Amino acid sequence: MNAPADMRGTIVLDLDGVVYLDAHGVPGAGDALRSLQADGWHLVYATNNSTKTRADVVRHIEERTGFEAYPADAVTSAMAAAAHVRGAMSAAYVGSPSIGHELEAVGVEVVEPEASPEAVVVGLDRSITYGRIDRAARAIRSGARLVATNTDATYPTRTGPAPGAGTIVAAIATAAGADAVSCGKPHEPFAQLVRARLTDGPVLIVGDRPETDIALGRRLGWGTVLVMSGVTETRADVPDDLAPDHVLGSIAELPALLARDAG
């Protein structure tokens with residue numbers, strides 16, 4: 001993608017814990033997004049949350065912050081998992097319907113685990129049952145690949161961390177005796193989708209989780225900003241090998257940081 005002459009570069013933004021928490025925008029997030037866009041930054045929304053389609057992502061951003069985003073600028077871990085299994089004849093999934101939507105979008109037939117799928121794609125599933133774990137594990141033991149949208153242990157909420165997709169992936173992997181291929185941040189299937197949405201110029205990633213957001217940025221040579229509005233609460237929670245370039249209280253402080261850097 002070629003950037004306009006006045007484009008400064010790309011900011012890759014995590015969502016849960018960065019732009020919003022549950023049904024509420026992070027204070028100042030909408031103003032920050034508008035300021036960044038007005039300053040010439042291209043914004044890409046990159047989430048490991050597999051429960052939302054691209055249309056859901058932009059609708060939630062607007063409902064929670066008042067900022068109008070575009071589906072073409074959104075990347076989800078469900079999209080990354082679907083891209084990874086593209087070419088498979090069929091796949092079953094454990095998680096939200098958004099996973100099935102993304103599988104079908106790349107030509108993969110969605111079937112039940114009993115139908116001998118070539119892959120079982122697992123993401124966050126708030127209605128998980130023992131029976132669904134059992135059926136998925138049986139399909140994997142019969143030869144299906146185990147593909148995880150992501151393996152985040154938790155995701156941020158206003159009342160603290162809640163169990164994430166990684167807890168469900170672990171249960172199915174244990175029952176199946178198999179290792180999962182993880183497709184979300186910071187892994188390559190996700191990185192490929194983000195790269196396709198970058199403009200010319202520098203890239204900065206903003207996230208709340210060192211092992212996904214900061215790790216992705218470090219691996220790809222991007223600038224990194226960790227915000228304390230999500231799962232990371234103190235600098236002591238950050239491993240030394242994943243130290244970001246900058247630490248902010250929230251995204252509301254980002255425009256001022258970039259203005260100082262530009263000056």
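**Entry 1. Cavity lining**

I looked up the lining of the largest cavity in this predicted model: 19 residues line this cavity, and Asn48, Asn49, Asp152, Thr154 and Tyr155 lie nearest its centre. On a 1 Å grid over the protein atoms alone, a cavity is a set of points where a 1.4 Å probe fits but cannot get out, and lining residues have an atom within 4 Å of a point. I noted that the search of the whole structure finds one cavity of 30 Å³ or more. The volume of the largest cavity is about 190 Å³, a volume being the space filled by probe spheres set on the grid points, which are joined across faces, edges and corners.

By class, I recorded four nonpolar, eight polar and seven charged residues in the lining. Ala, Val, Leu, Ile, Met, Phe, Trp, Tyr, Cys and Pro count as nonpolar, Asp, Glu, Lys and Arg as charged, and the others, Gly among them, as polar. Strand E10 (154–155) and helix H8 (210–220) each supply at least two lining residues; helices (H or I, at least four residues) and strands (E, at least two) are DSSP runs numbered from the N terminus.

I also recorded the conventions. Residues are numbered from 1 along each chain as its sequence is written. Local features need pLDDT of at least 70, side-chain atom pairs count only at pLDDT 80 or more, totals for chains, interfaces and linings use all residues, and side-chain values use heavy atoms, with hydrogens and water left out.

**Entry 2. Helix H3**

I checked helix H3 (residues 77–85) next. Seven of its nine residues are buried, so H3 is largely enclosed by the rest of the structure. Buried means under 20% relative accessible area (1.4 Å probe, protein chains only). The buried residues are Ser77, Ala78, Met79, Ala80, Ala81, Ala82 and Val85. Gly87, which follows H3, has a positive phi, near 100 degrees.

**Entry 3. Nonpolar cores**

I then examined the largest nonpolar core, which has 29 residues; Ile11, Leu43, Tyr45, Ile61, Val206, Ile251 and Leu254 touch the most other members. Such a core is a set of buried Ala, Val, Leu, Ile, Met, Phe, Trp, Tyr and Cys residues joined through side-chain atoms within 4.5 Å. Helix H1 gives the largest share of this core, four residues. A second, separate core of 27 residues includes Ala46, Ala80, Val121 and Trp222.

**Entry 4. Open sheet**

Finally, I traced an open sheet of five strands, in the order E7-E6-E8-E9-E12, with parallel pairing. Strands pair if DSSP finds at least two bridges between them. E7 (109–110) and E12 (181–182) stand at the edges, each with a single partner strand, so one side of each is left without a neighbour in the sheet.

Conventions
On a 1 Å grid over the protein atoms alone, a cavity is a set of points where a 1.4 Å probe fits but cannot get out, and a pocket is an open set with protein on both sides within 12 Å along at least five of seven lines; lining residues have an atom within 4 Å of a point. Buried means under 20% relative accessible area, exposed over 50%, partly exposed in between (1.4 Å probe, protein chains only).
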